[in-house]
Amino acid sequence: CIEANIPQELDLYIPSAQEELYNWVNGPNRQYEAAFRIIQSGEWGDYDGFYLMEGDSVPIKSHWLDVVLSEIEVNRPFAILGAQYDGDKWDNFYEQIPISLLHHTNGNAIYNTSHPLLERLVGQLEVEAPCPYNSIPYDYRMSQMWVEGTLGIVPELAPKIMLNEEGENITLSDNINMFKKWADI
């Protein structure tokens, strides 16, 4: 377990507020960034990646870690290696789901801290921490960046999250050209 040292008042995970509070998922987002940077720094040893298993995940297959290690060897090089959601909870509204959510890699994944694309994605997450894009969980937000760069689809955010403290609309920077360049990495 990696300690992210997130101040208690910022260590938030409030799913019920995801339509109105831009930092409702700040805790998991900052925890992911901290894990990435600590592993990347070499503070815990000479590693070029890590497997993040979310707290609500429980392995059910014997020797599952051997399978993960084998997949890493077979799929090198990669920035993120993991699976997409494959359940049926979305069946009734599948057509309404953004492509970046449908095809995002679940947070449970192997993250290659030495890959230049992942370095850029995590750097962008850090830059976006004080803005409305922080209302998107890190794994889904990285998918949004990829889709924006490869398909030109800019994500839509909840209307209340796009208002400042005075109730005026917030204008976000246009990142599409930067994300397009990343698609070639």
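Mentor: Happy to! One definition to begin with: contact here means heavy atoms within 4.5 Å. Please keep in mind that the model is predicted.

Let us start with the sheet itself. It is open and built from three antiparallel strands in the order S1-S3-S2. Strands S1 (49-52) and S2 (80-84) form the edges, each with a single partner strand, so one side of each has no neighbour in the sheet. On average, neighbouring strands are turned by 20° against each other, direction ignored. S2 and S3 (residues 105-112) run antiparallel and are joined by four bridges; there, leucine 81 sits opposite isoleucine 110 of S3.

Now for the helices on the sheet. Helix H1 (residues 26-41) lies across S1 and S3, at about 150° to S1. Helix H2 (residues 64-75) lies across S1, S2 and S3, and runs at about 120° to S2.

Leaving aside residues up to four places away in sequence, Phe50 touches Tyr32, Ala35, Phe36, Ile39, Ala109, Ile110, Tyr111 and Thr113. Phe50 also belongs to the largest nonpolar core, which has 21 residues; Tyr32, Phe50, Tyr111, Leu118, Leu121, Tyr138 and Met142 touch the most other members. Two or more residues of this core come from each of H1, S1, S3, helix H4 (116-128), helix H5 (138-151) and helix H6 (176-182). A second core of six residues is separate, and includes Cys131, Tyr133, Ile136 and Leu157. In soluble globular proteins, nonpolar side chains tend to be buried together.

How values were computed
Residues numbered from 1 in each chain as written. Predicted model: local features only at pLDDT ≥ 70, side-chain atom pairs only at ≥ 80, totals over all residues. Heavy atoms only, no water. Pairing = 2+ DSSP bridges. Axes fitted to C-alpha atoms, helices over the stretch in contact; angles between N-to-C directions. Core = buried A, V, L, I, M, F, W, Y, C linked by side-chain atoms within 4.5 Å. Buried < 20%, exposed > 50% of the residue type's maximum accessible area, 1.4 Å probe, protein only.
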